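Please look through the sequence and the model below before reading on.

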Amino acid sequence: MESVFVLDNGAWTAKVGLSTQSPLIVPNCIMKAKSEKRRPFIGNQIEECRDVSGLYFMLPFQKGYLINWDIQKTVWDYIFSKECCPVNLNQVSLIITEPPFNFPSNQEAMIEIFFEEFEVASLLKINPSTLCNYNYRHRNTTSKCCIVVDVGYSFCHIIPYINDVKIKAGIRRIDVGGKLLTNHLKEILSYRQLHVMDETYVVNQVKEDCCFVSQDFNADMEIAKKVKFDENTIVKDYVLPDFTTIRRGYVVDPGTDSDQQTLRMNNERFTIPEILFHPSDVGIKQMGIPEAIIDCLKNCEYETWPHLLSNIVLTGGSSKFPGMRERVLRDVQSLAPSEYVVQVHLPEDPITYAWEGGKLLASDPSYSSLVVKREEYEEEGHALCCDKFDI
């Protein structure tokens with residue numbers, strides 16, 4: 001049995017590693033720093049950068065689709081190198097993920113690169129949501145259906161699965177993701193307090209450390225209006241990194257004496273994640289996650305509704321906001337028919353959940369029937385891959 005390498009190729013981070021090991025999370029980009037202009041930092045090399053203020057990002061993905069192959073190939077070369085995950089691709093089977101409804105030209109280019117340049121022994125190209133569904137079904141063997149809610153970097157996908165089959169008519173996409181939330185927070189902070197438009201890396205950390213999903217938006221807004229700190233339970237100060245003594249910023253109570261520069265985080269803490277529930281707040285005329293889940297349901301067979309509603313799975317980095325699971329549960333319950341039980345599951349680590357699904361799939365007895373081997377590709381070409389991979 002050849003070893004299997006799982007590459008969950010996300011737009012912000014790639015989750016990588018052999019199926020016998022734990023996953024490594026690698027930034028899927030090349031970064032350049034003001035402090036070290038000559039040297040580009042690829043993936044995890046950013047840890048070696050002394051000062052990450054004003055980082056310039058070169059991303060292979062734009063709006064959720066892979067468009068810059070030179071950057072992506074540089075990151076892949078780094079991932080397979082001795083520095084990151086040393087692996088002999090000639091002797092491994094590779095599972096790689098791509099978004100639903102990926103462009104045919106992208107699919108073809110990816111297959112070509114892995115077979116002809118990296119020369120992998122065999123390849124399986126799959127949606128990350130399919131791996132999430134496999135992982136969930138593996139852990140919940142009685143469930144026949146699930147709705148995977150993938151809150152990603154560029155957008156959210158809501159994808160229903162019935163008996164492990166993806167229901168394409170039910171797939172919904174919302175053009176809001178982690179990238180938009182970080183950019184919106186940059187704009188708000190720059191307008192209200194401090195110019196941070198060039199500080200994507202730091203503001204992304206501010207978002208991760210400070211933000212939460214409100215359970216009662218209007219009530220939290222009233223609390224955030226209070227001027228006295230003992231009455232305002234929401235306001236916090238974020239101590240910014242100085243890159244000499246502090247590598248990553250941290251949250252403190254307001255009024256704490258600090259020699260460092262701080263950001264005052266008040267209603268920004270919950271208005272930023274609220275965009276996932278009301279994209280119209282930033283001018284995107286689309287429904288939020290709970291409405292999209294119900295809309296997705298309407299395109300599935302009526303008898304599957306109770307099964308789908310009781311098996312909603314949240315994945316992706318932005319599902320880690322505190323309060324996310326509770327809010328989705330509450331909002332979907334209020335929209336769904338009252339006789340149905342709604343259950344929302346948040347995995348221990350929603351970022352690596354698809355990767356873990358790939359790891360489980362690699363040990364499935366049917367795995368060898370899903371892949372395309374290099375000899376088969378050389379003989380039949382891209383057409384065989386189109387037939388075998390359901391994207």
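In which strand is His157 found? His157 is found in strand E12, where helices (H or I, at least four residues) and strands (E, at least two) are DSSP runs, numbered from the N terminus. The model is a predicted one, in which local features need pLDDT of at least 70 and side-chain atom pairs count only at pLDDT 80 or more, while totals for chains, interfaces and linings use all residues. Residues are numbered from 1 along each chain as its sequence is written, and side-chain values use heavy atoms, with hydrogens and water left out.

With a relative accessible area of 6%, His157 is buried, a word that stands for under 20% relative accessible area, whereas exposed means over 50% and partly exposed lies in between (1.4 Å probe, protein chains only). If residues up to four places away in sequence are not counted, His157 touches Pro100, Val148, Val149, Asp150, Ile171, Arg172 and Arg173, and contact here means heavy atoms within 4.5 Å.

From this strand we turn to the helices. Helix H4 (residues 178-192) has 15 residues and reaches 21 Å from its first C-alpha to its last, close to the 21 Å expected at 1.5 Å a residue; the expected span of a helix is 1.5 Å times one less than its number of residues. Its buried residues are Gly178, Leu181, Thr182, Leu185, Lys186, Ile188 and Leu189, and what covers them includes helix H5 (200-210), strand E17 (262-265) and H7. An α-helix has 3.6 residues a turn, so residues three or four places apart point the same way.

Helix H2 has 14 residues and reaches 19 Å from its first C-alpha to its last, which is close to the 20 Å expected at 1.5 Å a residue. Buried in H2 are Asn106, Gln107, Met110, Ile111, Ile113, Phe114 and Phe115.

On the H8 side the contact is made by Ile289, Pro290, Glu291, Ile293 and Ile294, and on the H10 side by Met324, Val328, Asp331, Val332 and Leu335. These residues of the contact of H8 with H10 divide into eight nonpolar, no polar and two charged.

For the twelve residues of helix H10 (residues 324-335), the span should be 16 Å at 1.5 Å a residue, and the end C-alpha atoms are 17 Å apart, which agrees. The buried residues of H10 are Met324, Arg327, Val328, Leu329, Asp331 and Val332. Their cover includes strand E11 (145-151), helix H7 (268-274), helix H8 (289-297), helix H9 (305-309), strand E18 (312-315) and strand E19 (344-345).

Gly316 has its place in the loop between E18 and H10, and at 11% relative accessibility Gly316 counts as buried. Gly316 and Gly178 are 138 residues apart in sequence and 9.3 Å apart in space, C-alpha to C-alpha.

The last stop is the backbone angle phi. Most residues other than glycine have a negative phi, and most peptide bonds are trans. Phe101, in the loop between strand E9 (92-97) and H2, has a positive phi near 55°, and at 43% relative accessibility Phe101 counts as partly exposed. Asn163, in the loop between strand E12 (156-162) and strand E13 (165-166), has a positive phi near 50°.

Key
Ala, Val, Leu, Ile, Met, Phe, Trp, Tyr, Cys and Pro count as nonpolar, Asp, Glu, Lys and Arg as charged, and the others, Gly among them, as polar.
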